[in-house]
Amino acid sequence: MASADDQPRVLFKYLPTKFLADVLRGRILFRNLAYFQQVEDTARGDLTEGMHIDKPDNPVTVESQDGRVNIQGAFAFHSEVNQERVFAFCLSTRLAPELLSEFGCDACVEIFDVSGFVARVRAAVRRSPTLAKVGLLAGPVEYYRTNDTAQMNIKDPTKLPFFKPVRFSSQFEYRLVCAQGGGLGPLGR
């Protein structure tokens, strides 16, 4: 997803001290997107995790391929991945004391060699026989409003794990994403 040219210069991983030694040894925990849908804390809990929802302010006309109008009205459209089979490791591009508090953490790891870090995780993902051949995807989260046009392609399932509602924008999230086969649709098999 992200190339070396558009990677941030530094990343920050907020975490409780009890996990600090593991992270410093290179042991990181990816959670499936369903976890983030179910977690109750408001900083991480997102019922729309792994989805993009379009809800235009104006009425929508749905036409068949031959041009006949089938339905008119107020609609919402959503695209989603299989949240059970797609996994994310969440970081931030922002160092901020309020994020420690928001995430309920008391430690923060600064990652200065972002390219090297992503390359090591990518190699580990590539070695896993249970993960999809699409490999590791990495990039910033796009924060969106349901009534605005998205910058990324909402029809591309590899982009869907990188969308979050605008209410999370203060987190400046950067994600590493991988999937089990079928998690990202045809591209993940």
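Because the model is predicted, local features need pLDDT of at least 70 and side-chain atom pairs count only at pLDDT 80 or more, while totals for chains, interfaces and linings use all residues. Residues are numbered from 1 along each chain as its sequence is written, and side-chain values use heavy atoms, with hydrogens and water left out.

Starting with the big picture, the chain holds four helices and twelve strands; these are DSSP runs numbered from the N terminus, with helices (H or I) of at least four residues and strands (E) of at least two. Of its 189 residues, 44% count as buried, where buried means under 20% relative accessible area, exposed means over 50%, and partly exposed covers what is in between (1.4 Å probe, protein chains only). The accessible surface comes to about 10,800 Å², and carbon and sulfur atoms own 52% of that; the areas come from the Shrake-Rupley method with a 1.4 Å probe, and for residues only the protein chains shown count as cover. Among contacts (heavy atoms within 4.5 Å) with a separation of 6 or more, 74% are between residues 24 or more positions apart.

Val-114, Gly-116, Phe-117, Val-118, Val-121 and Val-125 are buried in H4. The buried residues of this helix pack against strands E1 (11-15), E7, E8 (107-111), E9 (137-140) and E12 (173-179).

Strand E7 (residues 86-92) is where Ala-88 sits. With a relative accessible area of 2%, Ala-88 is buried. Setting aside neighbours within four places in sequence, Ala-88 is in contact with Leu-29, Phe-30, Arg-31, Leu-33, Phe-36, Arg-175, Leu-176 and Val-177. Its C-alpha atom is 9.7 Å from that of Leu-136, which is 48 residues away along the chain.

As for rings, the whole structure has five aromatic pairs. Rings of Phe, Tyr and Trp (its six-membered ring) pair if their centres lie within 6.5 Å; planes under 30 degrees apart count as stacked, over 60 as edge-to-face and the rest as tilted. One of the pairs joins Tyr-14 and Phe-103, tilted because the planes are at 45 degrees, with ring centres 5.8 Å apart. This pair links distant parts of the chain, with Tyr-14 in strand E1 and Phe-103 in helix H3 (residues 97-103), 89 residues apart. Both Tyr-14 and Phe-103 are buried. Phe-89 and Phe-117 also pair up, with centres 6.4 Å apart and planes at 50 degrees, so this pair is tilted. Here strand E7 supplies Phe-89 and helix H4 supplies Phe-117, 28 residues apart. Phe-89 is buried at 3% relative accessibility, and Phe-117 is buried at 11%. Phe-30, Phe-89 and Phe-117 form one aromatic cluster.

Gln-171 lies in the loop between strand E11 (163-165) and E12, and counts as buried at 4% relative accessibility. The Gln-171 side chain makes a polar contact with the side chain of Glu-102 at 3.0 Å; such a contact is a pair of N or O atoms within 3.5 Å, and within protein one must be able to donate a hydrogen and the other to accept it, while residues adjacent in sequence count only if both atoms are side-chain atoms.
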